[in-house]
Amino acid sequence: LIDPALDHDTRTQIAEQRAWIEREPANPHPYYHLAQLYRVASRPEEALGLLLEAVRLDPAFADAHAALAEMYVVRADYPAAWRHAAAAEHHGNSAAADMLRRYGIKP
């Protein structure tokens, strides 16, 4: 009973983010939000592409850089994880860099 409701809510939110992108293709925020939904829905390739677009549109988008760092850690691409963690930290979000340091992942 709960899963179909979540799936419906997720589908609704995905449609809302897609519509936002259609209305404002230069706004990085709906790309970020849609990527987060895709991450939850186990669609990592699409999420990665959306996050990369978000930081292309706004290189100072710290939360998107942090999310990219997390995704690259899962892929064991530590140089890419550090690049995005450093960018996130530079722009005010140190969570990813702190995580990498805590787990001893070298830049």
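Where is the place of Ser42? Select Ser42 and look. Ser42 sits in the loop between H2 and H3. Keep in mind that this is a predicted model.

**Stop 1**

Is Ser42 buried or exposed? Ser42 counts as exposed, because its relative accessibility is 61% and the cut-off for exposed is over 50%.

Arg43 lies over the face of the Tyr38 ring. The distance to the ring centre is 4.0 Å.

**Stop 2: the aromatic pair**

How many aromatic pairs does a search of the whole structure find? The search finds one. Select Tyr32 and Phe61 to see the pair. The ring centres are 5.2 Å apart. The ring planes stand at 50°, so the pair is tilted.

Tyr32 belongs to helix H2, residues 28–40. Phe61 belongs to the loop between H3 and H4. The pair therefore ties together parts that are 29 residues apart in sequence.

Show the surface next. Tyr32 is buried, with a relative accessible area of 14%. Phe61 is buried as well, at 8% relative accessibility. Both labels follow because buried means under 20%.

**Stop 3: helices H3 and H4**

Select residues 44–57 for helix H3 and residues 62–74 for helix H4. The two axes come within 9 Å. They cross at roughly 145°. The crossing is left-handed.

Show the side chains where these helices meet. From H3, pick Pro44, Ala47, Leu48, Leu51, Leu52, Ala54 and Val55. From H4, pick Ala64, His65, Ala67, Leu68, Met71 and Tyr72. What kinds of residues make up the contact of H3 with H4? There are 12 nonpolar residues, one polar and no charged.

**Stop 4**

Move on to Ala76. Ala76 is in the loop between H4 and helix H5, which spans 78–90. Ala76 has a positive phi of about 60°, and it is not a glycine. How exposed is Ala76? Ala76 is partly exposed, with a relative accessible area of 45%. That label applies because the value lies between the cut-offs of 20% and 50%.

Definitions and conventions: Residues numbered from 1 in each chain as written. Predicted model: local features only at pLDDT ≥ 70, side-chain atom pairs only at ≥ 80, totals over all residues. Heavy atoms only, no water. Axes fitted to C-alpha atoms, helices over the stretch in contact; angles between N-to-C directions. Helix = DSSP H or I, 4+ residues; strand = E, 2+ residues; numbered from the N terminus. Left-handed = near helix turned anticlockwise from the far one by under 90°. Contact = heavy atoms within 4.5 Å. Nonpolar A, V, L, I, M, F, W, Y, C, P; charged D, E, K, R; others polar. Phe/Tyr/Trp six-rings, centres within 6.5 Å; stacked < 30°, edge-to-face > 60°. Buried < 20%, exposed > 50% of the residue type's maximum accessible area, 1.4 Å probe, protein only. Lys NZ or Arg CZ within 6 Å of the ring centre and 35° of its normal.
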